[in-house]
Amino acid sequence: MLLAKWIILAETRAQAAMDRRQRRNPSASSSAFSSPASSSSRFRSEKFSSNPPKTSNSLEDAHQLKSKCGKPQRPEQEEEEKQDPNNLLSLVGTCPFMCPAGERAQRERLRDLAVFERLHGNPGKTSPSLAVKKFCRTIATKHMQASDVRPLPVLEETLNYLLNLLDATEHPFDVVHDFVFDRTRSIRQDLSMQNIVNDQTIHMFEEMVKFHIISHHKLRSCSSKRSFSSVHYLNMEQLKKCLISLYALYKENRNSNSIYKNEPEFYSFHVLLHLGSNSQPLGESLSLWLGRVPSLILKSKEMCFARRLLRLFRMGNYKRFLCTTTTEASYLQYYIIEPYINEVRALALSCVNYCGYKLHPYPIAHLSKLLMMKELDVESFCNACGLETSTDERGNKFLSTKQTNFHYPKEVFPSYCLLGLEHF
């Protein structure tokens, strides 16, 4: 009886050990059957080849295209474009167009063309000068054909074409943003697959970072009915990813005693992204990140400004925060700071309301100088914070202090300009 139990226990442990080995080494399974992953990889390699295989089922074709390429999904569904470093050495793109011929023909057949890609407005017709390669979430570098990947000169031309669309006025900015957002991700994907890490690549990543920062500013005033928070979140997510890649490129190409011209300003963006939250944009504490930044960059005026501004924000020194922003911020730095300016103004308004010793009303004209905003906007701002204003017999407006209804607005603040930076 004991022997039988011992045999059963030994067999159970042996089977468990085999299962563990199987999970660690899936390739140990029978080679007579191809795995679903390998079949999927072979299918992806044929997906956007220059001569795509013909199918009789266009509905199935459309479903497959939609599952791989298209607009960004929700963050929890989105897959990061991961490349195998062992497969990056041999691939050199040869596609001469902004969009490979195979993908262009397939998307024409599926009528999967963005409004900017349609020839004479026809949703089923495009041209090499209009179509731009879409971003694909699942892609295997080792199975990708060179004719489906664009070389560096074509990628530079494509990026310039996309950035020129930002000045277009025929469509709302959020429509333009969606198109450029997706197509710049495709550019980054092609660069990554070819492992291009030269000065031209640095310039391209700087331009893409600028695109996301400008979008960060323009999307705030967009009148679209779409959810602002989701679009803003996706844009900020890609901004952070672009910065990570850009910092790696700087490090890869940096000489021992020199830095790139724009490097200090682009490093300062990461510091400014810590304003107003406890988030860690690059996945680590700011102090650890700063410990790896070269001393030449740490001592630059751009980084000194960003670190000083962050310190003023955390101290609640609203007056110096606003003045420092007005006198020292570049337009890109200001676009990152902008969402937090009204948060600082609300703090100042709270101090004026609660901390004054006298009960005399506070003149709106004085409050306008303190908050560095137009007098016409101050009254609206006070009302958004739950405070009431009054007007005397001479027409002068005042804020009554010691009001108990003050609150930070739950909705997004209107875009009030900062006096001195109206030109931004």
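# Burial, packing and cavities

Student: Which residues of helix 9 are buried?
Tutor: Helices (H or I, at least four residues) and strands (E, at least two) are DSSP runs, numbered from the N terminus. A residue is buried under 20% relative accessible area, exposed over 50% and partly exposed in between, with a 1.4 Å probe and protein chains only. In helix 9 the buried residues are Glu263, Pro264, Glu265, Phe266, Tyr267, Ser268, Phe269, His270, Val271 and Leu272.

Student: What kind of model is this?
Tutor: Residues are numbered from 1 along each chain as its sequence is written, and side-chain values use heavy atoms, without hydrogens and water. Local features need pLDDT of at least 70, side-chain atom pairs count only at pLDDT 80 or more, and totals for chains, interfaces and linings use all residues, as this is a predicted model.

Student: How many of the 424 residues of the chain count as buried, in percent?
Tutor: The chain has 16 helices and three strands. Of its 424 residues, the share that counts as buried is 43%.

Student: Why is helix 9 largely enclosed by the rest of the structure?
Tutor: Helix 9 runs over residues 263-272. It is largely enclosed because its buried residues number ten of ten.

Student: How do helix 9 and helix 14 lie to each other, roughly parallel or roughly antiparallel?
Tutor: Axes are lines fitted to C-alpha atoms, for helices over the stretch in contact, with angles from 0 to 180 degrees between N-to-C directions. The axes of these two helices come within 10 Å and cross at roughly 10°. Angles under 35 degrees count as roughly parallel, over 145 as roughly antiparallel, 65 to 115 as roughly perpendicular and the rest as oblique. Helix 9 and helix 14 are therefore roughly parallel.

Student: Which residues of helix 9 and helix 14 make the contact?
Tutor: Contact means heavy atoms within 4.5 Å. The residues are Glu265, Ser268, Phe269 and Leu272 of helix 9 and Leu332, Gln333, Ile336 and Ile337 of helix 14.

Student: How do the residues of this contact divide by class?
Tutor: Ala, Val, Leu, Ile, Met, Phe, Trp, Tyr, Cys and Pro count as nonpolar, Asp, Glu, Lys and Arg as charged, and the others, Gly among them, as polar. The contact of helix 9 with helix 14 divides into five nonpolar, two polar and one charged.

Student: Which helices do the buried residues of helix 13 pack against?
Tutor: Helix 13 covers residues 318-328, and its buried residues are Tyr318, Phe321, Leu322, Thr324, Thr325 and Thr326. They pack against helix 12, helix 14 and helix 15.

Student: Which residues line the second largest cavity?
Tutor: By class, the lining has four nonpolar, two polar and three charged residues. They are Arg220, Tyr334, Glu338, Ile341, Asn342, Arg345, Pro414, Ser415 and Tyr416.

Student: Is histidine 120 buried or exposed?
Tutor: Histidine 120 is found in the loop between helix 4 and helix 5, and its phi is near 55°, a positive value in a residue other than glycine. Because its relative accessibility is 79%, histidine 120 counts as exposed.

Terms used: 1 Å grid on protein atoms, 1.4 Å probe; cavity = no way out; pocket = protein on both sides within 12 Å on 5 of 7 lines; lining within 4 Å.
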